[in-house]
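Welcome, and thanks for taking a look. Here is a short briefing to read alongside the sequence and the coordinates.

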Amino acid sequence: MMQVQRVVLNSRPGKSGVPVPENFCLEESTLATDLEDGEVLVRTLYLSVDPYMRCRMNEDTGADYLTPWQLSECVDGGGVGVVESSRCSTCTEGDVVTSFNWTWQTYAVMKGGVLQKVDPQLVNGHLSYFLGAIGITGLTALLGVREKGNVTKGASQTMAVSGAAGACGSIAGQMNNGGHVILCGQISQYNKDVPYPPPLSEEIQETLRSKNISRERFMVLNYMNKADAALCELSQWVKSGQIKVLETVVNGIENMGDAFCSMMKGGNIGKQIIKISA
């Protein structure tokens with residue numbers, strides 16, 4: 001057994017409520033380290049807080065691909081860490097691994113099947129980048145523009161991002177006649193009990209019609225067959241300096257709730273990261 005710290009969901013803000021740090025609670029707990037076949041003990045290095053997590057704070061997330069967090073249970077999301085011990089054939093001690101289902105704990109026992117081994121050289125040792133520019137955030141930005149942006153090589157086109165200070169927007173980069181609106185997240189609406197995408201005013205709808213502007217949703221999970229190649233491109237662009245990676249880093253698992261609420265209010269520039277251990 002080993003002592004760990006973990007973050008649990010203490011209360012729900014309600015569908016139209018604003019999250020507060022007190023919705024989360026830091027606990028001391030014990031972790032059984034006797035691994036079963038297929039299990040891995042990991043030490044958490046970095047955790048991610050993201051806008052979609054606001055939906056998981058509700059009993060009903062409103063999306064079939066998102067499960068709700070349960071009260072008094074450990075929260076999970078994107079994380080990266082290092083393997084301390086393993087009984088899984090795909091992971092060995094010292095491997096750097098990442099997952100979308102990383103529990104908010106200083107150490108965790110996880111199934112090897114939910115972990116992805118990553119190469120620190122892809123990010124020049126900046127392991128937190130696997131949660132941002134060289135992770136699902138970067139993929140969302142790149143594939144969103146590539147698959148839905150109708151970008152024409154050599155054409156004179158202008159791109160604007162409505163949330164360009166956030167994790168995806170700071171990587172991706174409204175419009176003229178014949179323009180295209182790519183709907184991917186809308187953090188300003190996440191504390192409201194409205195359908196997604198939120199309904200438009202008649203004035204905005206008329207503008208879209210008169211200027212022949214399309215409005216289409218994008219979900220990166222539908223394009224994961226292109227993820228490996230896209231991540232290699234992102235890595236090359238980061239290494240060459242063509243992409244500037246912006247991060248807001250908070251130290252300590254005890255600050256997870258504060259970091260999440262700050263991110264929801266726009267307190268971050270670039271990706272919001274929590275550093276758990278060195």
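T61 sits in the loop between helix 1 and strand 4, where helices (H or I, at least four residues) and strands (E, at least two) are DSSP runs numbered from the N terminus. This is a predicted model, in which local features need pLDDT of at least 70, side-chain atom pairs count only at pLDDT 80 or more, and totals for chains, interfaces and linings use all residues. Residues are numbered from 1 along each chain as its sequence is written, and side-chain values use heavy atoms, with hydrogens and water left out.

- The side chain of T61 reaches two backbone oxygens, that of A63 at 2.9 Å and that of L66 at 2.8 Å.
- Not counting residues up to four places away in sequence, T61 touches C55, R56, L66, T67 and P68, with contact meaning heavy atoms within 4.5 Å.

**The loop residue D95**

- D95 is found in the loop between strand 4 (76-86) and strand 5 (96-103), and its 10% relative accessibility makes it count as buried.
- A polar atom of the D95 side chain lies 2.8 Å from the backbone nitrogen of T92.
- Setting aside residues up to four places away in sequence, D95 touches G81, V82, V83, T90 and K117.

**Y107 in strand 6**

- Y107 belongs to strand 6 (residues 107-111) and is partly exposed, with a relative accessible area of 22%.
- Y107 and T44 are 63 residues apart in sequence, yet their C-alpha atoms are 5.7 Å apart in space.
- Beyond its neighbours within four places in sequence, Y107 is in contact with M2, V4, L31, L41, V42, R43, T44 and E84.

- Helix 2 has 13 residues and spans 17 Å from its first C-alpha to its last, close to the expected 18 Å; the expected span is 1.5 Å times one less than the number of residues.
- Helix 2 (residues 136-148) packs against helix 5 (residues 227-240) at an angle of about 105 degrees, with their axes 10 Å apart; axes are lines fitted to C-alpha atoms, for helices over the stretch in contact, and angles run from 0 to 180 degrees between N-to-C directions.
- The two helices, helix 2 and helix 5, are therefore roughly perpendicular to each other, a label that covers angles of 65 to 115 degrees.
- On the helix 2 side the contact involves G138, L139, L142, L143 and R146, and on the helix 5 side A227, A230, L231, E233, L234 and W237.
- Just after helix 2, N150 adopts a positive phi of about 50 degrees.

- Seven of the nine residues of helix 6 (residues 256-264) are buried, so helix 6 is largely enclosed by the rest of the structure.
- M256, G257, A259, F260, C261, M263 and M264 are the buried residues of helix 6.
- These buried residues of helix 6 pack against strand 1 (2-9), strand 2 (24-31), strand 3 (39-48), helix 1 (53-56), strand 10 (247-251) and strand 11 (271-275).
- Just after helix 6, G266 takes a positive phi of about 85 degrees.

How values were computed: Angles under 35 degrees count as roughly parallel, over 145 as roughly antiparallel, 65 to 115 as roughly perpendicular and the rest as oblique. Buried means under 20% relative accessible area, exposed over 50%, partly exposed in between (1.4 Å probe, protein chains only). A polar contact is a pair of N or O atoms within 3.5 Å; within protein, one must be able to donate a hydrogen and the other to accept it, and residues adjacent in sequence count only if both atoms are side-chain atoms.
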